[in-house]
Amino acid sequence: MTRLGPPPDPADQNPRRTAPAVRLTFHTHLEPPGPLRYLGAMDTDLTIIGGGMAGSEAAWQAANAGLRVRIVEMRPKVETFAHRTGNLAEMVCSNSFRSDDDEQNAVGLLHWEMRAAGSLIMESADAHKLPAGGALAVDRDPFSETVTARLRAHPNIEIVEDEITELPASGATIIATGPLTGSALADAIAREAGQQSLAFFDAIAPIVYAETIDMGTAWRQSRYDKGETQEEREAYINCPMTKDQYEAFIDALLAADKTEFKEGETAGYFDGCLPIEVMAERGRETLRHGPMKPVGLTNPHDPETKAYAVVQLRRDNALGTLYNIVGFQTKMKYGAQTEVFRMIPGLQDASFARLGGIHRNTFINSPTLLDDQMRLRSKPHIRFAGQITGVEGYVESASMGLLAGRLAAAEARGETLPPVPPTTAMGALVTHITGGADAKTFQPMNVNFGLFPPVEGLKSGRRGRKDRYKAYTDRAKADWTDWLAPQAQAAE
Ligand SMILES: Cc1cc2nc3c(=O)[nH]c(=O)nc-3n(C[C@H](O)[C@H](O)[C@H](O)COP(=O)(O)OP(=O)(O)OC[C@H]3O[C@@H](n4cnc5c(N)ncnc54)[C@H](O)[C@@H]3O)c2cc1C
């Protein structure tokens, strides 16, 4: 079996330098007619391209269900600008899995669900946990070394070092190549899916919980009342600004702390969508003639006064619980964003489901391309998992790997798993990317309670939040346990 190389020496800060050359064995009887080169020695039921958070978890789940799995990982042979080692499941930036509170926090709930499903990523993170209050901070190198060693040691898993440059013509496959997918494979995906269905950057506008918008100040209206139906004519929420408020807002934008672009991040980006602070730098009136233009709108709270500028929010999910601030992609630091965006009248008490950002990020338009089993509609032998599906974050990516691995394993047994309940964190995420999100404005998403169907009969607003979140997490745990149970029985 071809391996990625021996376990890295923890004393070596940069295992890439010492990774040995890998001799690859060819077995011609395994080569499919298509362009994917199979390089390993083992008969395979499932090929996973990319051994990051998602690919590692997918492999673990599928191999534990009895499939013979081959992971094809391009590092350390081919590097990315963000990875540092040849380990699988490398954490490229922060060392945090975020909140571990499974009663009051959606990502904490996702941790709980993954642990309940025997997640390798969670088990390894727990084994290398660092003190961090309520968050799950992880000692990154021992964490990824553990994941790599556990996968190497698994009798059903083979790891091959190679860059895949084409979509496989046949054979069950999971593509989990992440935000920094190799460019040749990205081109192949674009050829299959259409250029417009593959993005290389996420330009994320902040997303606000609808219930925290002050509708005594804001109002619902589409510009020029456009739309066939009442719903369309009221598709936007508008927040008005006076001249003084606008000027103060521009001053705050110009003064705010911003994140610099990393080397290799910006190529080809700026043609698309400018961060609002860059627009403000180009001229104080630029935003008023761009995303904040006040035309075609009448404020029903004060119909006689024309707003000097208007910030618009657009519905972000089918449930109508989340709204994104239109055109407000930004590189402001998170702390600065909350402060600056709460200056917008109507958003003074806003809670954010996610803040804005602009990153190098390869992702597909999952709502149009994937079915509810995470399969590419046009080539159903291929599943996608991880950040490339339009989820965002280590845990979310690993969770989509967990699901893809289980779905692939069930399919190999000739079964189809029932849909994951959308009331669970896992189900809320997969429902969002495969249908709940608006395909036209699809941008990567963290798990958050705005993706969950509401629990009826609970108080809305900030006051009821604690009870509401507890009700969401209780319901999720019960539904996730029920979803897992038949699979556990089948495995016995
Ligand atoms: C610069 C940067 C900073 C980030 N910071 C954070 C953060 O602080 N916190 C957070 O939660 N998330 C962060 N993310 C997002 C992070 O990448 C994801 O959360 C997570 O790593 C995605 O998991 P994944 O498995 O989808 O992709 P990855 O973990 O990136 O794994 C994909 C794997 O596929 C391999 N690969 C790519 N193309 C090919 C190919 N053609 N053939 C074979 N192998 C291939 C890659 O080498 C990689 O190992 C960041 C992303 C970037 C780019």
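1. A word on ground rules. Residues are numbered from 1 along each chain, as its sequence is written. Since you're looking at a prediction, local features need pLDDT of at least 70 and side-chain atom pairs count only at pLDDT 80 or more, while totals for chains, interfaces and linings use all residues.

2. Start with the whole chain. You'll find 14 helices and 17 strands (DSSP runs numbered from the N terminus: H or I of at least four residues for helices, E of at least two for strands). Of the 492 residues, 48% are buried, meaning that 20 or more other C-beta atoms, placed from the backbone, lie within 10 Å of the residue's own.

3. Now the ligand. The shell around the ligand has 34 residues, with Gly50, Gly52, Cys93, Gly178 and Gly386 the closest (a residue's backbone-placed C-beta must lie within 6 Å of the molecule). Elements giving two or more residues to this shell are α2 (53-64), β2 (69-73) and α12 (394-412). The largest share, three residues, is from α2.

4. Helix α12 also pairs with α3 (residues 106-116): their axes come within 10 Å and cross at roughly 35 degrees. Axes here are lines fitted to C-alpha atoms over the stretch in contact, with angles running from 0 to 180 degrees between N-to-C directions. The α3 and α12 crossing is left-handed, so the near helix is turned anticlockwise from the far one by less than a right angle.

5. Which residues of α3 meet α12? Val107, Leu110, His111 and Met114 do, against Val395, Ala398, Ser399 and Leu402 in α12 (contact means backbone-placed C-beta atoms within 7 Å).

Notes: A residue is buried if 20 or more other C-beta atoms lie within 10 Å of its own, exposed if 12 or fewer, and partly exposed in between; C-beta atoms are placed from the backbone. Two residues are in contact if their C-beta atoms, placed from the backbone, lie within 7 Å.
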